[in-house]
Amino acid sequence: MKIINWNDTKKERKDLLFLKGIDNYFNFNEDDEELFFLYKSEKIIGYAVLIKENEVSMELKRIFIVSKLRNNACGTILLKFIINWLINNDYDSLVVKNHKKMNNFLEKQRFVKTENGYELNNLRENRKEYENMMFVSKFAIVVNVVLALLKIISGNIFQSVSLLSDGLNSLSDLITNILVIVGLKVGNNPEDSEHPFGHGKIESVFSVIIGTFIIISAFEVIQENFLKLFEKNSGVLLNKWPIIITIMTIIIKIFQLIFMKQKTGKEKSALIETLLVDYKMDIVISSSVLVGLLLSLISPLFDIIVGLIIAIYIIINGYQLISENALILLDSQDKELLEEIREDILKFPEIENAHDFRMTTSGKEVYIFVDVRMNRDKTIEEAHEIVNEITKTLKYKYKNVKRILIHVEPMYSYED
C-alpha cells in the first residue's frame with residue numbers, strides 16, 4: 001500500500017471524479033483542505049480529507065475505505081500516515097467530530113473522547129523529542145571530532161598511551177553518533193503494511209553495532225599497550241599540556257552528558273540510552289587517563305597500566321550494550337510487566353482466565369499478545385466489547401504499550 005498527498009501530485013481531476021464515484025459523500029476544497037489517497041496495487045482504495053482548524057490543529061473531515069477492504073487495517077494504515085504527516089508539519093492535535101461508529105477505531109489510536117467527538121493531542125511532543133535527539137547527536141559529532149583530534153595528536157606528541165587510547169575511544173564515539181542519527185531517522189518512520197510493528201527495532205540493531213565498535217576499539221588499545229611494554233624509551237614526555245588537555249576533556253564530557261539529559265527528557269529511546277552510557281564511560285576513561293598521567297611521574301609503566309584498565313572497562317560496557325539490545329531483538333520477555341498486565345486483565349469480572357502472554361518490543365513501543373477465557377455463553381459481540389474495553393484500559397495505563405492482541409477462548413466446566 002502507498003499513500004499520496006493531493007498537494008504533492010499533479011492534481012489529476014480524474015482521481016477526484018473516481019472518489020466521487022466510489023463515495024457519494026466525497027467533498028473536497030483544494031484551497032484549504034488536505035486530501036490523501038490510499039493505493040493498493042496502483043488502485044485507489046480509500047481516501048481521507050483534513051481541514052485546518054487553526055495553526056496547530058486539524059480536523060479529520062472524512063476517512064473512507066472501499067467496502068470490500070474494510071476491517072483489513074487499511075483505515076489504520078491511512079490514519080497513522082496522517083498522524084505522522086501532522087507531526088512532521090508541526091501540528092499538535094487532530095480532531096474528529098463526525099465520527100459515526102468510529103469509537104473503537106479511534107480509541108485504539110489513543111484518541112480521547114470529548115463533548116464534540118474525539119481528539120488526539122500533544123503530537124508535537126513526539127516531534128520535539130525526535131528533534132532534540134537529532135540535535136544532541138549532531139552536536140556530539142562536532143564535539144567528538146574536536147576531542148578525538150586533540151587527544152590523538154597530543155598522545156602522539158607526548159607519547160602517552162592512555163591519552164592516545166582515549167583519543168581512539170573518541171574516534172569510535174564519532175562513528176557511534178553517526179550510527180545514532182541513521183538509526184533515529186529509520187526508526188522514526190511510521191508503521192506500514194510491510195512493517196506492522198514499526199521500525200523501532202532498528203535502534204537495537206544499531207546499538208549492537210555500536211557496542212561492537214566499542215569492543216573493537218578496546219582490543220586495538222590493548223594491542224598497542226602490549227607493544228608499548230616491549231618498546232625502549234616508552235616513557236611519557238610529561239608536562240602541563242597533556243594534563244590540561246585531559247582536564248578540559250573531562251569538563252567537556254560532563255557538560256555534554258548534562259546537556260544531553262536535559263535535552264532528551266525522561267523518555268529515552270534505546271539509542272539515546274546507549275549514548276548516555278557511552279558518555280559516562282568517556283568521563284570515567286578520561287579521569288583514568290588523568291590519574292595515569294600523574295602516576296607517570298613515578299613510573300612510565302603506570303600510563304600503560306591505565307591504558308589496559310581503560311580497554312578492559314570499555315570491553316565490559318560494550319558487551320553489556322550488545323547483550324541488552326540483543327535480548328530486545330530476540331524478543332526477551334519482561335516478566336514483571338506481563339504479570340502486571342495479567343493482574344489488570346483478571347480484574348475484569350468477565351475474564352475467568354488469562355494465559356500465554358507474549359510480547360515484542362519495537363523502539364519504546366511494546367506489543368502484547370494474550371489468550372483469555374470467558375463464559376462460552378457470551379455472544380461474539382459481547383466478547384468483542386469486553387476485549388475492546390480491556391485494550392483501551394491497558395493502553396491508557398501503560399503508555400508504552402502500543403497494541404494488545406487478545407485471543408478469546410471459551411471457558412468450559414469440568415463436567416463438559
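Asp 356 is partly exposed, with 45% relative accessible area (buried is under 20%, exposed over 50% and partly exposed in between, using a 1.4 Å probe and protein chains only). The structure is a predicted model, in which local features need pLDDT of at least 70, side-chain atom pairs count only at pLDDT 80 or more, and totals for chains, interfaces and linings use all residues. Residues are numbered from 1 along each chain as its sequence is written, and side-chain values use heavy atoms, leaving out hydrogens and water.

Asp 356 belongs to strand S8, residues 351-362 (strands are DSSP runs of E with at least two residues, helices are runs of H or I with at least four, and both are numbered from the N terminus). Its backbone is worth a look: phi is near 50°, a positive value in a residue other than glycine. Asp 90 also has a positive phi, of about 65°, although it is not a glycine. This residue sits in the loop between helix H2 (74-88) and strand S5 (93-96), and Asp 90 is partly exposed at 43% relative accessibility.

Strand S9, residues 365-375, holds Ile 368. With a relative accessibility of 1%, Ile 368 is buried. Between the C-alpha atoms of Ile 368 and Arg 358 there are 5.9 Å in space, while the two residues are 10 apart in sequence.

Turning to charged pairs, the structure contains 10 salt bridges (a side-chain nitrogen of Lys or Arg within 4 Å of a carboxyl oxygen of Asp or Glu). In one of them, the side chains of Glu 33 and Lys 61 meet at 3.0 Å, N to O. Glu 33 is in strand S2 (residues 33-40) and Lys 61 in strand S4 (residues 57-65), so this pair ties together parts that lie 28 residues apart in sequence. Glu 33 is buried at 6% relative accessible area, whereas Lys 61 is partly exposed at 26%. A salt bridge also links the side chains of Lys 97 and Glu 53, at 3.0 Å from N to O. Lys 97 lies in the loop between S5 and helix H3 (103-107), and Glu 53 in the loop between strand S3 (43-52) and S4, so parts 44 residues apart in sequence are tied together. Lys 97 is partly exposed at 39% relative accessibility, and Glu 53 is partly exposed at 36%.

Within helix H10, Glu 339 and Arg 342 are three residues apart, which means a separation of about one helical turn. Their salt bridge has its closest N and O atoms 3.7 Å apart. Glu 339 is partly exposed at 36% relative accessible area, and Arg 342 is partly exposed at 29%.
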